[in-house]
Amino acid sequence: MATSPRVPTVTPSAAHLASIRAPLLAWYDRNKRDLPWRRTKDPYAIWLSEVMLQQTQVSTVIPYWERFLKRFPTALALASAPLDDVLAGWKGLGYYTRARNLHRAAQDIVSRFGGTLPSTAEQLLSLPGFGRYTAGAVASIAFGEEAPLVDGNVARVLSRLFEVEGLPGDREREATLWELAGLLVKGERPGDFNQSLMEHGATTCRPENPLCLLCPVREGCVAFKKGRVAELPPAKVRAAPKKLTLALAVWAHADTLLFARRADSGLFGGLWELPAAEVDEDATVEETTLRLTAALGTGVKLESLLGTVKRQLTHRDLTLRMYRVSGPKRPTHSAAFQELRWCTPAEAATLGMSTAMQRALDTVVGTQA
DNA sequence: TAAACGTGGAG
DNA sequence: TCTCCAAGTTT
């Protein structure tokens with residue numbers, strides 16, 4: 001099948017590339033932040049940092065990274081741990097599929113690579129949770145491969161430096177950015193260079209109010225030259241969050257409450273919760289009773305509304321309604337959940353649980369006290 | 001391919 | 001309070 005040659009949007013000269021690479025690397029050596037994962041050469045620890053940093057801010061990640069590494073110090077330790085423990089270690093970080101993929105990848109690393117991470121981007125790409133970015137990051141930073149990477153920072157920096165047009169997600173734009181990143185990474189210290197690009201984007205070439213006066217590569221920046229820094233790259237269009245209302249069953253027995261583990265896929269996949277059923281925003285008590293009865297597989301009676309928790313997720317406008325419920329027969333399993341368990345709030349605190357659910361739990365436990 | 005997937009920090 | 005978003009991947 002013939003493929004038409006793609007016309008490059010930009011064709012930077014060797015001089016232009018050189019005017020960026022060396023100054024940026026030198027700037028990085030002088031200005032890089034002292035981050036804990038920059039003090040290690042352990043590929044596993046570096047991989048962990050890259051996964052945690054996906055869509056997550058540095059300051060949030062630091063304590064998680066240190067705690068997780070103590071609990072699961074090697075790929076082998078992680079592979080051997082129960083998924084439940086891994087999710088508990090990820091508790092509160094969000095995007096929980098990352099934790100499940102991390103766990104699966106560790107098991108692949110043990111079974112396919114003898115417990116040691118493979119060293120090339122191409123091999124890493126075959127592991128769960130490794131996309132193009134993470135493969136390039138681990139290959140270059142941990143193993144010194146001249147593998148490019150493009151994250152949000154790099155996309156912004158390169159868009160400005162080379163005046164790359166197009167909206168985030170545009171195919172041709174993405175191809176151009178990866179091509180530029182691939183040209184720039186060739187040379188000494190590819191891992192440090194990749195990090196310099198990201199560090200520059202995070203601290204200087206920021207989305208809003210970039211510090212162009214402090215920029216080490218201002219001379220080579222087409223957007224700066226043309227006064228287009230503020231308009232490149234264009235902001236991404238974001239879909240309005242959809243409403244999701246969940247009725248939560250607060251079923252008390254002795255000093256325990258009923259908890260359920262969600263299905264592995266979808267929102268809060270694999271996490272524990274007060275048993276939840278989706279309801280209409282304006283659902284009646286009868287409708288809510290039916291939904292919770294169906295979810296638990298046994299008849300329940302709604303005693304009272306104990307409270308409501310609202311959370312804003314990126315794509316969801318989440319409302320949690322906590323209902324005290326009772327019933328003639330206490331369930332121990334249900335088709336709607338992977339597992340049911342009666343445990344005390346203290347025991348529940350050690351389970352993998354979303355922050356949203358933790359808030360709901362704190363609310364009802366406070367209500368009962 | 002567009003949509004789904006969490007959270008807390010910053011302005 | 002509210003909007004935007006931060007070192008992306010998966011389906």
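**Close-up views of a predicted protein–DNA model**

**View 1. The lining of the largest cavity.** By class, nine nonpolar, two polar and two charged residues make up the lining of the largest cavity, where Ala, Val, Leu, Ile, Met, Phe, Trp, Tyr, Cys and Pro count as nonpolar, Asp, Glu, Lys and Arg as charged, and the others, Gly among them, as polar. This is a predicted model, in which local features need pLDDT of at least 70 and side-chain atom pairs count only at pLDDT 80 or more, while totals for chains, interfaces and linings use all residues. Residues are numbered from 1 along each chain as its sequence is written, chains are lettered from A and ligands numbered from 1 in the order in which they are written, and side-chain values use heavy atoms, with hydrogens and water left out. The largest cavity has a volume of about 80 Å³ (a cavity is a set of points, on a 1 Å grid over the protein atoms alone, where a 1.4 Å probe fits but cannot get out, and lining residues have an atom within 4 Å of a point; the volume is the space filled by probe spheres set on the points, which are joined across faces, edges and corners). Of its 13 lining residues, His200, Cys205, Cys212, Cys215 and Cys221 are the closest to the centre. The helix α9 gives the most to this lining, with three residues (helices are DSSP runs of H or I with at least four residues, strands are runs of E with at least two, and both are numbered from the N terminus).

View 2. Sugar and phosphate account for 62% of the atoms of DNA strand C that come within 4 Å of the protein. α8 (132-143) and α9 (152-161) each supply at least two residues of this surface, and α8 gives the most, with three.

View 3. For His315, a side-chain N or O atom is instead 3.2 Å from a base nitrogen of DNA strand B.

Notes. A residue is near a molecule or strand if one of its heavy atoms lies within 4 Å of it. On a 1 Å grid over the protein atoms alone, a cavity is a set of points where a 1.4 Å probe fits but cannot get out, and a pocket is an open set with protein on both sides within 12 Å along at least five of seven lines; lining residues have an atom within 4 Å of a point. A polar contact is a pair of N or O atoms within 3.5 Å; within protein, one must be able to donate a hydrogen and the other to accept it, and residues adjacent in sequence count only if both atoms are side-chain atoms.
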